[in-house]
Amino acid sequence: MQTHPAGASAVNVDVQVDEPFVPVVDTLAVEAAAQRAVAAISRPGAAEISVLITDDESLRELNRTYRGQDKATDVLSFGQDGPEMASWPQDAPRMLGDVVVSYPRVVEQAQKAGWAAEDELLWLVIHGVLHLLGYDDEDEDGRAEMWTLGEMILGKPAPGGPVE
């Protein structure tokens, strides 16, 4: 596993990549995408996010354990910025949570969408961070809002459109 330590910016992003995917994942691009997502939502103050790039089986296990769905998925977010953070010291970074991405899903979805795997990876990281910031895609309006924000943060249009 390769680890890219948290940066010195207001949004510290710890990017971890499981060994098989180290040669193909640009950890600096992942870190920058997560930082842009937080900055775009204007959340003042220092924050910390962890991003793990892993495999389908790991996502399946997490999905089964935490969501009761026994299937792999592309991205999961685990927020930590709940009510207990109200008593968190003001000068300490907010722990926003964790984003976990399946790299095999990245490749599969990128091929179907007709864009680069790196674009799909950054899209999913941004999507996961938006969930950490309270955005939801459970209904049509939420999906459309997240899609629009995702394109703005990514800096390019995404193929397709907001889908369930």
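## Exercises on a predicted model

At 54% relative accessibility, L28 is classed as exposed.

**Exercise 1. Place L28 in the chain and explain why L28 counts as exposed.**

- Start with the secondary structure: L28 sits in helix α1.
- Next, take the cut-off, since exposed means over 50% relative accessible area.
- L28 has 54% relative accessibility, and therefore it counts as exposed.

**Exercise 2. Work out which elements supply the largest nonpolar core, and which of its residues touch the most other members.**

- The core holds 42 residues, and V51, V101, L121 and V129 touch the most other members.
- At least two core residues come from each of β2 (11–17), α1 (27–40), β3 (47–54), β5 (94–102), α3 (103–113), α4 (117–132) and α5 (140–154).
- Helix α4 gives the largest share, nine residues.
- Now zoom in on L121: leaving out residues up to four places away in sequence, L121 touches V25, V30, I53, V101, Y103 and V106.

**Exercise 3. Describe the chain as a whole: how many helices and strands are there, and in what pattern?**

- Count the elements: there are five helices and five strands.
- Follow them along the sequence to read β-β-α-β-α-β-β-α-α-α.
- Turn to burial: 41% of the 164 residues are buried.
- Look at the contacts with a separation of 6 or more: 59% of them join residues 24 or more positions apart.

Key: Residues numbered from 1 in each chain as written. Predicted model: local features only at pLDDT ≥ 70, side-chain atom pairs only at ≥ 80, totals over all residues. Heavy atoms only, no water. Core = buried A, V, L, I, M, F, W, Y, C linked by side-chain atoms within 4.5 Å. Buried < 20%, exposed > 50% of the residue type's maximum accessible area, 1.4 Å probe, protein only. Helix = DSSP H or I, 4+ residues; strand = E, 2+ residues; numbered from the N terminus. Contact = heavy atoms within 4.5 Å.
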